[in-house]
Amino acid sequence: MLVPSPWRADFPAIATLQRQDQTYLDNAATTQKPQALLDALNHYYANGAANVHRAQHLPGAHATQGFEDSRSKVAQWLNVGDSGQIIFTHGATSALNLLAYGLEPLFNPGDEIVISALEHHANLLPWQQLAKRRELKLVVLPLDDEGLIDLQAAAQLIGPQTRLLAVSQLSNVLGVWQPLPQLLALAKAHDALTVVDGAQGIVHGRHDVQALGCDFYVFSSHKLYGPDGVGVLYGRTEALHLLRHWQFGGEMVQQADYHSASFRPAPLGFEAGTPPIAGVIGLGATLDYLSSLDQSALIAHEAALHDYLLRGLRARNGVRLLGAPQVALASFVVEGVHNADLAHLLTEQGIAVRAGHHCAMPLLKRLQLSGAIRVSLALYNDSDDLERFFEALDQALDMLR
Amino acid sequence: MNLPVDALAALQAFQAVGSWEQRARMLMQWGERLPALADADKVDANLVQGCESLVWLVGRLHDGHWQFAASSEARLIRGLVALLLARVNGLSADELQAVDLPDWFNQLGLSRQLSPSRSNGLNAVLQRMRDLSHTQH
C-alpha cells in the first residue's frame, strides 16, 4: 500500500465498518474513536459514576479528579498556561452561543461584528442573531479564489466600529488554513475581541492559543476523536471577565436566595447543571492517546494522504475542486453531474462521504453551487480507502455520463 | 386495492432486479420517462423544502381522482418521484389516504431511500403529497 496508517488498529470501529463494506471518509463531520477512549468510558461507568464538584463522598472525589484532570489536559493541548481558562460546554455550537449571549451587553446599536464568507452555520447564526437583537451590523469578509479570507478587503472592513471578529481557523468546506495572525492583528489594532472557531483546525496539527493571541478559541471533542456532547471554550483571562453569565442552574452559583443570586467566575460559573462528565473524562483519555503519537509522523501521514486524494481527483475529467485545499479534506463538483446523484451512487457502493451544503449555505450560494461532495480524512484512513473511493467514483460517473 | 397499471409494471421490474447497478439504472430510466413539468408550475410555491436537489411537486383533483406532476434536476430522485407518481396517480381522495407509501418503496426494494438520515428528499416529497391531499379533498 502506498500510504498505510500505522494507527488504524487503534480504532476498533474501522474494522467493523470495513466488515460492513463501508469506507468512512466523512471525518470532518465526526470521527471514529480510539480504544483508549472506549476503555476510559467503560472504566468510569464500571467503577462508580458520581456528580462532580458537589459531593464529599469518594466516588464524587474520583469523578471530580478525572474531570478536572481532563481540564488540565485540554489546557496543555492548547498551551493555555496561565493565560486563561478552559470551560466545558456541550459542543462547539453551544460554546459559540455562550459567547454570543455572554458578550451581548458589550454591544451597542451600530457596532460591527466581523465574520467571513466561509463560516459554518455555528459561527454565523449566533452572531447574525445577536446582530438582530442589538441592531448591530454583521460584516462578512470576502474570500479570494483559493478560499482564503481576502486580507486587503479585511483591512478595509475591520475598523473602529468593529467590536468583535469571529473566524474559522480551517474551513470545513474548502480545507484552507486562514491567515489568522494577520486577521487577529487587524482586529486587535481596533481593540476588537477575537473568537477563533477551531472545530476543524484543532484536528490537524497542534495549536497554541498564547502564540495565536486570540481572546476565545472554540472546538468540539467529537471531531478530535473524542466523545460527542462535549465542547471546549478557551477564554483569555481578561476576556472572560467581560462574559456575562448565560445559563443558570446548579453548580454555577455561589449564593442563592429566592429573589437574587451571585455566581461563580469561570470556568464553573459557565458550566451550569451537570456537565457531560463521562465525555469530558473520555476526551482526556483521547488527548493522552493523541499525545502518545509521533506528531511529525502524523502530520506527514495526513499530508501524504491529502496529496493522494488531490492527485486522484485532479486526474479525473470534469472534476472541479472548491478552492485550493491544503489539508484534511477536499470538496468537489463534477461538470454535468448533480451532486445528489453522485452522492446516491457513492452511498450505494458503501462510500461514506458528505454531499450537500456542509452547513455553510451562504458559502455554497456565493460559489453558485447547489451543493458539493466532500471527502474528509482522518489519521486512520489509508490509501486503500481512497482507492475504494476512486473506484466507486469512476463507476458512478460511468453510470451518470 | 388494485394497483394502477404503471405501478404493477414498476413492481415487476424492480422485484426482478439483482444488483445495485441495475436498480440505479432502472431508477434513472423511470426518471427519464417522467413527463416534463410545465414551466408555470416550476415556481417556489411548488418547491419541496428539504431536498438536496430542487424538486417541484404539484397535485390536482380531476373528477375526484388525483393527478400529480413533478420534476427534479437530479436523476435518481426524479426516478424515485416517478415511482411514487406511478403508485398514486389516478387514485381517489380516499384511496390516496389509505395507501401505505413507505410500504410501496419497501416492495420495490427501495426502503433505504426513506431512512431518516437520507437527505435526498423523498421523505419531504411524501410529506408534501400528504399536505396537498389534506388541503384539497
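A: A residue is called buried if 20 or more other C-beta atoms lie within 10 Å of its own, exposed if 12 or fewer do, and partly exposed in between, with C-beta atoms placed from the backbone. By that count, 50% of the 401 residues of chain A are buried. The model is predicted: local features need pLDDT of at least 70, side-chain atom pairs count only at pLDDT 80 or more, and totals for chains, interfaces and linings use all residues. Residues are numbered from 1 along each chain as its sequence is written, while chains are lettered from A and ligands numbered from 1 in the order in which they are written.

Chain A contains 14 helices and 15 strands, these being DSSP runs numbered from the N terminus (H or I, at least four residues, for helices; E, at least two, for strands). An automatic or database assignment divides chain A into domain 1 (8-25 + 294-400) and domain 2 (38-291).

The buried residues of α11(A) are H301(A), E302(A), L305(A), H306(A), Y308(A), L309(A) and L313(A). They lie on the same side of α11(A), because they cover an arc of only 155° around the axis, the arc being that of the directions from the helix axis to the C-beta atoms. On the face turned away from this buried side are the exposed residues S296(A), A297(A), A300(A), D307(A), R311(A) and R314(A).

What covers the buried side? The elements over the buried residues of α11(A) include the strands β11 (319-321), β12 (329-334) and β15 (372-376), together with helix α14 (383-400), of chain A.

The C-alpha centres of domain 1 and domain 2 of chain A lie 28 Å apart. Their contact takes 20 residues from domain 1 of chain A and 19 residues from domain 2 of chain A, two residues being in contact if their C-beta atoms, placed from the backbone, lie within 7 Å. On the side of domain 1 of chain A that touches domain 2 of chain A, α11, β12 and α13 (361-366) of chain A each supply at least two residues.
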